[in-house]
Amino acid sequence: MRRTARSIFVAAFVLLAGRGARAADAGASADAGAAVAAPADPDAPTVAARADRAEAHVGDPIRVSVVTVARSGVPVNLPGTFDLGPFSLLGRDETSEQNLGDGRIRREFAMRVAAYEPGPAELPPIDVTYLGPGGEVKTIRTAPIAIKIASLIANEPEPVIKDAATTVSVMEENRLPLYIAGGVAAAALGALLTFLIVRKLRARPGERAGPPPRPAHEVALERLDRLGAYGFLENADNRPFYFAVSEVIRDYLGARYRFDSLEMTTDELVAELRGHAGRELASFMLTEVESWLSACDLVKFAKISPTAAEARGALESAIRIVTTTRAAPVATATAPADPPKQEARHA
């Protein structure tokens with residue numbers, strides 16, 4: 001009798017526990033459904049990013065547009081700085097707004113970027129900030145953009161050899177002897193005409209020589225003046241300016257001291273200038289030129305983006321190098337003036 005009562009009690013307990021578990025599962029399912037069905041932020045704008053090209057070369061400017069559509073009472077903007085990954089910011093364009101007429105405002109934020117390493121690249125998601133109803137700053141991101149960066153040289157990082165074409169047997173007439181004979185005849189005719197022209201020119205009276213070439217410092221100062229006229233941007237990549245101004249100074253030093261400087265490294269160029277130190281180049285100027293070229297190499301090869309003030313200072317130092325080391329003007333000898341004629345005195 002006791003065993004029967006105990007069995008009935010255990011069965012009732014198991015039945016009640018099963019019902020409680022099913023009720024707990026139903027409550028959990030209801031909570032999960034409520035979380036999924038929770039509405040999104042009604043103030044969040046829709047954002048999209050696009051580029052004006054899917055492929056570009058190294059250093060080519062790429063226009064990127066971030067388009068947002070938000071309610072008219074929701075301020076939307078881009079942060080002052082953001083991560084562009086392998087791309088560098090060249091500058092920002094003016095923001096445009098358009099009233100869509102249904103209580104929404106369309107804004108387009110435009111910028112110009114460039115990449116300096118070939119290969120497939122991805123522009124990271126760009127943060128877009130907006131204000132919530134309580135004045136809190138919220139953020140939403142655009143989707144990333146894939147852009148292929150092509151190299152400016154023929155050899156890509158991983159070149160692929162084309163498949164060999166099948167050979168085709170073709171019978172053709174051998175005209176090589178005819179071509180050789182024609183080439184010899186043309187060369188002989190060219191030599192005869194050259195001889196006659198030179199002979200005629202030598203028989204002509206001497207003509208006045210043309211003007212001498214422009215001094216190297218005048219050409220360099222003119223090129224530096226054109227670079228300075230472009231101006232400097234605070235939030236832009238000023239490395240291309242350093243490439244140009246460094247090439248101007250290297251070209252000037254080679255023309256000033258009569259050696260080929262464009263294909264030399266900084267160490268080779270400075271070693272060549274040391275041969276002119278003391279005679280045509282002061283030692284303190286040699287030190288300044290070496291420091292200036294090393295600073296330009298650091299910008300070019302270490303991927304350091306200088307500020308507008310640093311770029312302007314590099315231009316001023318380049319102008320000072322040219323004006324300090326320019327050649328002294330050669331004094332031209334003038335014929336002595338005729339002595340004043342004395343009037344004849346009559347006795």
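Modeller: Strands β2 and β11 pair in the parallel sense over 3 bridges, where two strands pair if DSSP finds at least two bridges between them. Helices (H or I, at least four residues) and strands (E, at least two) are DSSP runs, numbered from the N terminus. This is a predicted model, in which local features need pLDDT of at least 70 and side-chain atom pairs count only at pLDDT 80 or more, while totals for chains, interfaces and linings use all residues. Residues are numbered from 1 along each chain as its sequence is written, and side-chain values use heavy atoms, with hydrogens and water left out.

Biologist: In which sense do β8 and β11 pair, parallel or antiparallel?

Modeller: β8 pairs with β11, residues 145-150, in the antiparallel sense over 5 bridges.

Biologist: Which residues of β11 lie on its covered face?

Modeller: Those are Ile145, Ile147 and Ile149, whereas Ala146, Lys148 and Ala150 form the uncovered face.

Biologist: Zooming out, how many helices and strands does the chain have, and how much of it counts as buried?

Modeller: The protein chain has 7 helices and 11 strands, and 26% of its 347 residues count as buried. Buried means under 20% relative accessible area, exposed over 50%, and partly exposed in between, using a 1.4 Å probe and protein chains only.

Biologist: What about the largest nonpolar core, which residues have the most contacts inside it?

Modeller: Leu224, Phe241, Val245, Leu253, Leu273 and Trp292 do, in a core of 31 residues. A nonpolar core is a set of buried Ala, Val, Leu, Ile, Met, Phe, Trp, Tyr and Cys residues joined through side-chain atoms within 4.5 Å. Helices α3, α4, α5 (266-274), α6 (283-301) and α7 (308-325) each supply at least two residues of this core, and α4 gives the most, with 8 residues. A second, separate core of 23 residues includes Val64, Leu84, Ala121 and Leu123.

Biologist: How do α3 and α4 pack?

Modeller: Helix α3 (residues 216-229) and helix α4 (residues 239-257) pack at an angle of about 175°, with their axes 9 Å apart. Axes are lines fitted to C-alpha atoms, for helices over the stretch in contact, and angles run from 0 to 180 degrees between N-to-C directions. That makes α3 roughly antiparallel to α4, since angles over 145 degrees count as such, under 35 as roughly parallel, 65 to 115 as roughly perpendicular and the rest as oblique. The contact (heavy atoms within 4.5 Å) includes Leu224 and Leu227 of α3 and Phe241 and Val245 of α4.

Biologist: One last thing, is Thr266 buried or exposed, and what does it touch?

Modeller: Thr266, which has its place in helix α5, is buried, with a relative accessible area of 10%. Not counting residues up to four places away in sequence, Thr266 touches Arg250, Leu293, Ser294 and Asp297.
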